[in-house]
Every structure is written in structure tokens, then in C-alpha cells.
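Let's take a walk through this protein model together. Keep the structure open beside the text and look up each spot as we get to it.

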Amino acid sequence: MRRILLIIAIVIVSYFSYFVVITARNDFEVMELRAKKLYDAGRHADAIEMIKKNRAKFEKKLGKQHPWVALSSDVLARLYIAAGDYKQAVECCEQALALQEMNDQSKPKEVVSTLILLSEAYLAEGEFFKAEPLMQRALEINEKNFGPDNMIAATILNNLGLLYTGIARYDKAEIFLQHSLSITEKLNPEDPEIATTLGNLGNVYCKVSAYEKAEAIVKRAILIREKKLGPDHLTLAPSLSALAVIYVRKYAYSDALQLMERALAIAESKLDPWHPELANYLGLLGVLHCDLGEYAEAEVFYLRALEIQKKALGPNHPDFAMIQGNLGVLYRRMGEASKAEYFYRTALEISEKKLGSEHPQVASNLLNLATALVAQDKQDQALPLMQRGLDIEKELIDQVMGMISEAQKIAFLSNMRVWFDVYMTVVATQVPTNRAARDHAFAVWLKRKGAALEAQRQFREALIQAGDPQGKILFERLAQLCTEVTELTFMGPREGSAEAHQARLAELKKEQADIEAELAKCSQNYARDRKRRQVDAATVAKALPAGSTLVDFAKIDIYDFKAADICESWKPSHYIAFVLPAGNPDSLTLIDLGEATPIEQAVAALRLALQDGQNPEAIALFGHRLNRLVFAPLATGIGNAKNIFISPDGVLNLIPFEILRDSNNRLLIEKYTFNYVCSGRDLVAMDDVPAAKGRSLVLGDPDFDMDAHATSASNAASGHMAEATQPGRTFQRSADLRALTLNPLPATRVEAEAVAKMIGENARLRVGADAVESELQKGPAPRYLHLATHGFFLSDQEMQDTLNSRGPEVLSQFSSFSGLTSDPARHYENPLARSGIALAGANTALKGMGIDGIVTAEKFLTMPINGTEIVVLSACQTGLGDVKTGEGVFGLRRAITQAGAKGMVMSMWSVPDKETQELMEFFYDNLAKGMPKAQALRHAALKERDITRKRFNSDNPLYWGAFIYIGDK
């Protein structure tokens, strides 16, 4: 009987417990539903109070350690986060997590949920380093119990992406956000939360200057939210502000202002007036008005944002520091340097404490503070801050170079260039004799100059060395794309509209950019693992050959620290030069050559005289003028050195220094040997790439009409070149390039045969119909590569050409296509697609009957020439291209350098056929005698000068001075 009564008692207790649990569960679900309705109605405080009361009930009914008490704390934390009360959210989450860790019955899903909430609260507080281990723990528990690909994992990965964006690890952020996006799109493609991840990803791309990519992604996020949630939903506001930031970076202020005002209106209608999210939108509106010069309006927005942040987040939050820094910028622009200094110092103190000493926001605060100090004539205090800020930026540049395409690299570096110019203004114009500042400035310039080219070259080399299968597939696809882009660029539209042609070209270029970015990622880890060289004056001086000197030019914009109006703060650019003798870093000198305009006018005048070619006196006059401006001032630094390594910048890339004339009217080639390098940094790294061991390849006298003799007999009949004195002609560029035709170059066959014989070692000689593009794609990389043919560089609107030169003859008639005009604003072709050489079948290709024969610089990027000792382009204008300050010339010389060749010989203008043949034979003869490459070219040029002076009774460098040597020592 007693046993029966015991069983009955157990059943009653169990039923009562079950009843309590069921009732509590129902209460919990009802509580959640009611709280959501209250919150959605804007009654945030009521929703929070209701949850707190219900949590107390659960504690009383179920005990303080029951899992549902923890769940109630989670709900409460979620509400606190939404309301912007992150401190309370952290307390609730920590309470819930403690309960879950004490209770063996806690479900993994509930623990993961609490970890996510706690990490989100820490993120919102700016406590990134507290949030990271919580996210990693949540990811591990989730993967262990539920697998790697689920919506919870997508949330955690998104949050990790947000975290790494916050600490400026954009490479990591992109990986986590892409992973999160792929999971969500696979499992729940209709989930509006996709827009959150898209917005975060767009923010990453915006920060690394990939603006087009960022804009497309954020616009997609906006469309999703508008479609799924309506045009006034609260979550739409951050997407609108993200797009506004992109437009600010693109200087589209009107569009940005409309977006920000809409975002603020949505936020103000949905949020408490003291919600910290409001401060973000107010701060961005402050930035907009500040950039527009509307300082009073900007101040109002900044101060209101600051007040909200101080109350909601406290005075030590990174966002509070950002507004402080922005106020500093505002007061600096208003001419109140001392007031700006106060805000910069406050921002710096907070950002260092919360973000770490190497964060880009710290760099920004350091550099801004330095400008305020210089404006108060406190250069001694400013210089160490500038140096530290630029050193932080250096690490960011290294990181970003490994995640974006070349075009995006250049845009990013352009944005980063501003602070370098500000710093160089101080060093070059205010403290040029400060040795520590001069040495640091040179080290920064060594790192920055040609940084995009160096990154592309390193990643290409890393792909070759690492042997990554995925990288190989991507590289092969990139080669195919280069061919397709060349065909479309040169052939024009065939069928369909011009608009469709342009759309297809844009589609291919987008895929190219995406593959470039993926290739950078494939090779990033390998490239990082390579020993990093410390490049400074000491290492470069040690790498220079004995008795030589480096002259490293830089074109800088000059900043006026005391300008009353920000619009007047940038003054005319200057050229400066670092002069470094071999083995003596202490003798590094920095010389300000003055304003860029007179120098660039002299370069233009000299190039124009060379282009005409008929007035040696004019060439001599302008050569003398340019020497007086850019080389004579370096005499003290150069001293007795005769071997000069030149790293040009700006338009100085477009002239050979050899043809400048000194005060005694002597050509500089008579006294100096010039060896050109992309950057002084190259002198240290020249031995990193092993020399190629493949058989040398010589191509000459290509059969341009191959496979089209019947249709081009008249062209072939007129193929013999006119006399060297015939003046050249110019023409405006047509959108369709099938109007070009190429005449044969008889001397190139003689040259090719002679060169192949002098090289010996079973050199592969290909002439006539055998001089085809496919020969260039055969591996392994040749030791020497010599190409004697037509070369071309098409500016975006016109091409200079000489009938008796190794450049294409231009027919008088042009084909035109509807919708394709010579609009100078179009600029749709990559400069690497507008420069190159012609091989067998080129005329056939230009008539739209094939794709081989036109070898653009872009195609050279994928050729096996890594480690090739020398690439000789015995053709017209092969050293030309689009000039970008700090990055050199975008054309064949860049492509060949990027592809890994150790050295190259290139021409700076249209060269005559016979004289070039002679010069090249002399050059190879000198190489065979053991001369260094730069010396071999100098002696060949001097010998050809003697010949042409007798032949034409004129000392005209047009015939012998076009070629320069770029590369290793």
C-alpha cells in the first residue's frame, strides 16, 4: 500500500512540475510576442520592463538556475542591444552565460545564442578584443553540434567579419563575410538578413577603395530590404548611409546628402532620441557638410552626435573618438589650429586605448594632430607623429595589396598618398637638413613608390614558386581574358549595337579584376612567408655598385598648413630628388627641384621636338633647358660618380636623360651611364628572382599579312619604307582600329638573324610567317627575348606615327560605328590594352579576321618571362604609356616588369628601321664582350651616334638616343 501511495505521489509531483513547465513555456512565448509588439510600437522601455518582471516570475516558479531564466536574460539583452544600452546587455548576457555553464541541462544552441549576443554587445561597445574569443567559441560549439554550414554559423561569420573590419583586418573580414554570404544564399536566399552581410562586405570594399564593387553590393542590399521590409524599415538606414559613404569617397556629395537625410529621417522616426545609432548618421552628415565647406552646419551635427555618444556610449568609445577627430578636422579647416589640436589629442588617446596602437584610426589621428602642430610652427613635435602615422599606414598597405585587383590597388594607394605629400612638404620645404626626417622620408618613399607594381610582381612570382593548382587555373583564365579583351578593343563591334559591345567589354574587364583579386589571395600566404627585406638608405647604399649613385625622383603635391581656406591649401606640385651614393647612406641628400610645371613644360617641348625630328637645334635647346631644371641641381650629390641609377617619377619617365645637355653643351651620355629602375627598392631585390635558363628567343620581320595576301596585295606592294627624313603624321583615334595597316620592316630580318647568331646557344630564331604570337607563350622562360617589329602606344585619343619608323602606317580613311565617338571623357581602354607590338598576322587581325598578331602589354602579363635576363623591344615607343605619379608608366614596360623579367631595353619614340638594326647589333656585340647591360647599350648608342653624324651630317639623337635600359645591375 505504501508503495502504491509513493507512486501516486511521484505521479502527482511530476504532473505538477510538468504543468508548471508547460505554463511557464506558454508564459515565455507570450512574453516574447508581447515584448516584440511593444518594441515595434516604439515602447522600448515598456518592453524591457515587461521582460524584467517575467524573468522574476520564472525565478520564483522554476528557480534562479533554470534554463528559462537564462533565456529571459537573453531576450532582455537583445532588447537592450536594440535600445542602444550595451552595458546592460553585457550584464544580462554574462548572467545568462553563468547560469548556462552551471546547468548541465543547458542546450548547446542556447549557449551559442548567448555567446553571440554577448559578443554583439561587446562589438557595439567597441570592445573588439573581448568579442573575438566569444565568437570563436560560439563557432566551435555550433560546428561541433550542428555542423559548419547553417544559419547560426552564417550569423557568427558575419559578426566576425564586422569585428575584423573594426580592427582594420580587411583581408580577414572579407573572408568571413564571403563565407557567411555563401551559406545564407545557399540555405535561405530569401532571408532579408542577406542585406546585413552585403552591407558589411560593401563597407570592407569601400575602406580599401574598391568603390565600384562596394557600390554594387550595397545597392543590392538596399533593394533586398526595400522589397522585403518596405521603404521605411529601420534596417534600411545603415544600408543608405553605407551607400552615402561610398558616394562621399567618389565626391558625389549631392547623392550622398540625399541618402543621409533619408537614413536620418528613418532612424529618427524609429529610435529613441538618445540612441547611439542616431549619432552615426549625424556624424556622417557632419562629414558631408564639412567637405562642402558648410562649417556651421557641420558643427551642429557633430556636437549633437557627440552629446548622444557621450550619454549612450561613454567618453571612451571608438565612435566618440571618431567624432572628436572629425571636430578637429572641422576646426583645423576653420583656421583654429589650437582648438583642433585639443580634439585630435583626445581622439588619439581614446583610439589608442580601445583600438590598439597600430589601427588606421590611430594613424589618422596622429597625422591630423601633426598638421595642427605644423600650423602652429611646432615642426619638432609634428615630425615624430607623422613618421609614426605613416609607419602604421605601411602595414595597412601591405595587408590591402593582397586582397584587391591592380586598378583597386592604385585607387587605394592614391587615397593613401595624401598624407605622404603632407609629410614630404614638411621634410622637403621646411626641414630639408634634418637628417633623421630625410632618412625616414626616403624609407617611406622606397616603400610607397611603385607599390602596386611591386605587389603584382610579388604575387605573380609567388604563384610560380608555390605551384598552387587553383592559382594556375585562374592564371590560365586570365590569359584567355587578355586575348578576348584585346580582340574586342581593337576590332570594335561586329554584330549588334555599340552598346552591347561596350557592355561585353565591361563584363570581361570585371571578370579580369575579380580574377586578379583572387590570384592575389591565392599567393598571399606564400608571399607573406618570404623574408621581408628592410629597405632604407643603408640597404640601398650597400646594394649599389661601387662608384655609382642613385637618383630617385618624386613628384609631390605641396600642402599649405596655414591656408585660410581648405580649397587653397594645396599648392603647385614640386619635383624632388633623393641622391644616394654607393656605400655611404650618411651622404643621402634631398633636393627640392621646384615647381613641376616648368619641368613638365620642358619635357613636353623636348618630346615635341623629337617627335618632329627635323630640328636638332631645338632638341639641343630643350635638352639643355631640362638638364638645368632636373639634373644640374644634383651635381653636388652625384659628385664624381659616372654610373647613375635613375628612378624617375611623373613625366620624367618619358625622356632618356642621356640626350640632355650640360652647360658645356655636351650630351650627358658622353659622361654618364644611366641604368633605369622603377624604384630604388629594386636595387635591393634584384637578385631575388633566379635567372631563366630557357633557350633565347628572337623574333623579327613578321609576316603581318599572313593568311590575307589575296586581300592585301596593294598594301604589300607599297610596303617599302620611305626615307628617314620623311615627316610623320598624326591622326585622331577612332573607336574602331581596323583602319590601321602595317608595312613590312626589311631591316628587322637582318637584325634578328644577326642577333640570334651573336646570342648563339641554340637561340630560337623566328622570322616571317614563323614570328607568331604562340612562340611567346612557350615555356620555359627564355634567357634572352628579342622582338624586332612594329610597336605602338595609343593615347586615349590619338596616336603619333612616322611612316619610316617601326610603327604602323595609318590609312586616310576610318571606319565609324554608331554610338562610338571620340568623346575625350570616355577612357574605356586599359593602357595595357593600348600598347604593344605586332607579330605575324597582325594585319589580318586588324581587319577582324583573327585575333593573333596584336600582342598587347596586357598579354605580356601572362607570358613565361619570369627571370628572363633581358627583353629587348626593338620597336617604336615601347617605353611609353600612361604616366601615373608614384606608379610609373602603364604600358609595356610595366607589364614586362610585372611578369618578372629582370631587365629590358625599350624605346621612347618612333625609331628608324636601319639605324635601329645597327644599334642592336652593336649592343649584342658589347654584351658578348662581357659589358654590363646598361654599359653595352650606352656604347652602342655612342657608336651609332658617330655613324649617323656622318650619314646625315647632323648630331640628332632621334636616330640613336631613343633606347633605354631598365632593370638589374
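## A tyrosine and its neighbours

Start with tyrosine 924. If we skip its neighbours within four places in sequence, tyrosine 924 is in contact with Val755, Met758, Ile759, Tyr784, His786 and Val872. Keep in mind that this is a predicted model. The tyrosine sits in helix α34, which covers residues 913-928.

Is tyrosine 924 buried or exposed? It's buried: its relative accessible area is 3%, and the cut-off for buried is under 20%. Along the sequence, tyrosine 924 and alanine 756 are 168 residues apart, yet from C-alpha to C-alpha they are 9.5 Å apart in space.

## The whole chain

Time to zoom out. The protein chain has 35 helices and 20 strands. Of its 969 residues, 58% are buried.

How many residues does the largest nonpolar core have? The count is 171, and the residues with the most contacts inside this core are Met386, Phe412, Phe578 and Leu580. Helix α19, running from residue 406 to 429, gives the most to this core, with 12 residues. Apart from this core lies another one, made of 96 residues, including Phe674, Leu697, Leu776 and Ala934.

Let's pick phenylalanine 412 and see what it touches. Not counting residues up to four places away in sequence, the list for phenylalanine 412 is Lys207, Val208, Ser209, Leu396, Ile397, Val400, Met401 and Ile404.

## Two helices side by side

Next, a pair of helices. Two packed helices are described by the angle between their axes and the distance between the axes. Helix α13 (residues 276-291) packs with helix α15 (residues 318-333) at an angle of about 20°, and their axes are 11 Å apart. An angle under 35 degrees counts as roughly parallel, so α13 and α15 are roughly parallel to each other. Their crossing is left-handed.

Which residues of α13 and α15 make the contact? From α13 come Asn280, Gly283, Val287, Cys290 and Asp291, while α15 brings in Asp319, Ile323, Asn326, Val329, Leu330 and Arg333. Sorted by class, the contact of α13 with α15 has 5 nonpolar, 3 polar and 3 charged residues.

## Some backbone details

Now for the backbone. Two residues here have a positive phi without being glycine. Aspartate 701 has a phi near 45° and lies in strand β6, residues 697-702. With a relative accessible area of 13%, aspartate 701 is buried. Asparagine 953 has a phi near 55° and lies in the loop between α35 (933-952) and β20 (963-967). At 72% relative accessibility, asparagine 953 counts as exposed, because the cut-off for that is over 50%.

One last stop: which kind of peptide bond joins glycine 779 and proline 780? It's a cis bond, with omega about -5°. To find proline 780, look in the loop between β9 (764-768) and β10 (784-788).

Note on methods
Residues are numbered from 1 along each chain as its sequence is written. This is a predicted model: local features need pLDDT of at least 70, side-chain atom pairs count only at pLDDT 80 or more; totals for chains, interfaces and linings use all residues. Side-chain values use heavy atoms; hydrogens and water are left out. A nonpolar core is a set of buried Ala, Val, Leu, Ile, Met, Phe, Trp, Tyr and Cys residues joined through side-chain atoms within 4.5 Å. Buried means under 20% relative accessible area, exposed over 50%, partly exposed in between (1.4 Å probe, protein chains only). Helices (H or I, at least four residues) and strands (E, at least two) are DSSP runs, numbered from the N terminus. Contact means heavy atoms within 4.5 Å. Axes are lines fitted to C-alpha atoms, for helices over the stretch in contact, and angles run from 0 to 180 degrees between N-to-C directions. Angles under 35 degrees count as roughly parallel, over 145 as roughly antiparallel, 65 to 115 as roughly perpendicular and the rest as oblique. A crossing is left-handed if the near helix is turned anticlockwise from the far one by less than a right angle, and right-handed if clockwise. Ala, Val, Leu, Ile, Met, Phe, Trp, Tyr, Cys and Pro count as nonpolar, Asp, Glu, Lys and Arg as charged, and the others, Gly among them, as polar.
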